[in-house]
Amino acid sequence: QVRLVESGGGLVQAGGSLRLSCAASGGAFSTYAMGWFRQGPGKEREFVTRISWTGVSTSYADSVKGRFTISRDNAKKTVYLQMNSLKPEDTAVYYCATTATTGWGNPRYWGQGTQVTVSS
């Protein structure tokens with residue numbers, strides 16, 4: 001069983017930055033592809049970004065490309081989401097997720113989410 005716990009959310013003004021963390025326990029984190037999703041008010045959950053188990057390959061939604069950066073520290077079993085130039089439309093609950101495999105696909109495990117609110 002893999003447990004994911006997000007932290008780092010909060011209230012920030014437009015143009016500001018936040019860094020989210022996702023700490024994993026259980027399983028073999030260093031061999032897992034990891035990703036971030038978000039769900040804004042009244043919206044469906046959407047993909048934000050993902051990172052390969054090696055950390056070499058990343059992918060981003062067009063809406064965050066150039067502003068958000070995903071990274072991981074396998075020694076700390078943690079994946080990060082650095083969010084810069086935040087916009088009000090980035091307001092959402094952000095979820096960490098993993099397929100618990102080396103490949104990417106529909107995540108098998110999810111965190112509880114952390115709220116990010118961007119004020120205009």
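Two strands pair if DSSP finds at least two bridges between them. I noted that first, then the ground rules. Helices (H or I, at least four residues) and strands (E, at least two) are DSSP runs, numbered from the N terminus.

I am working on a predicted model, where local features need pLDDT of at least 70, side-chain atom pairs count only at pLDDT 80 or more, and totals for chains, interfaces and linings use all residues. Residues are numbered from 1 along each chain as its sequence is written, and side-chain values use heavy atoms, with hydrogens and water left out.

**Entry 1: strand β9**

Strand β4 (residues 34-39) runs antiparallel to β9, and six bridges join them. Here M34 sits opposite T98 of β9. Strand β11 (residues 114-119) is also antiparallel to β9, with three bridges. In that pairing, V93 faces Q115 of β11. Strand β10 (residues 109-110) pairs with β9 too, antiparallel and over two bridges. There I found T98 opposite Y109.

Next I checked burial. Buried means under 20% relative accessible area, exposed means over 50%, and partly exposed is in between (1.4 Å probe, protein chains only).

**Entry 2: the core**

A nonpolar core is a set of buried Ala, Val, Leu, Ile, Met, Phe, Trp, Tyr and Cys residues joined through side-chain atoms within 4.5 Å. I found 29 residues in the largest one. M34, W36, V79, M83 and Y94 have the most contacts inside it. Elements giving two or more residues to this core are β3 (18-25), β4, β5 (46-51), β7 (68-73), β8, β9 and β11. The largest share, four residues, comes from β3.

**Entry 3: T78**

I turned to T78, in strand β8 (residues 78-83). T78 is buried, because its relative accessible area is 8%. Contact means heavy atoms within 4.5 Å. Beyond its neighbours within four places in sequence, T78 touches S21, C22, A23, F29, S71, R72 and D73. A polar atom of the T78 side chain also lies 2.9 Å from the backbone oxygen of K76.

**Entry 4: charged pairs**

Side chains of opposite charge can pair when their charged atoms come close. A salt bridge is a side-chain nitrogen of Lys or Arg within 4 Å of a carboxyl oxygen of Asp or Glu. I count four salt bridges in the structure.

R38 bridges to E46, with the closest N and O atoms 2.6 Å apart. Is R38 buried or exposed? R38 is buried, because its relative accessibility is 5%. E46 is partly exposed, at 37%.

D90 forms a salt bridge with R38, and here the closest N and O atoms are 2.9 Å apart. D90 is in the loop between β8 and β9 and R38 is in strand β4, so this pair ties together parts 52 residues apart in sequence.

D90 also bridges to R67, at 2.7 Å between the closest N and O atoms. R67 lies in the loop between β6 (58-60) and β7, 23 residues from D90 in the chain. D90 is buried, at 1% relative accessible area. R67 is buried as well, at 10%.

Note on methods: A polar contact is a pair of N or O atoms within 3.5 Å; within protein, one must be able to donate a hydrogen and the other to accept it, and residues adjacent in sequence count only if both atoms are side-chain atoms.
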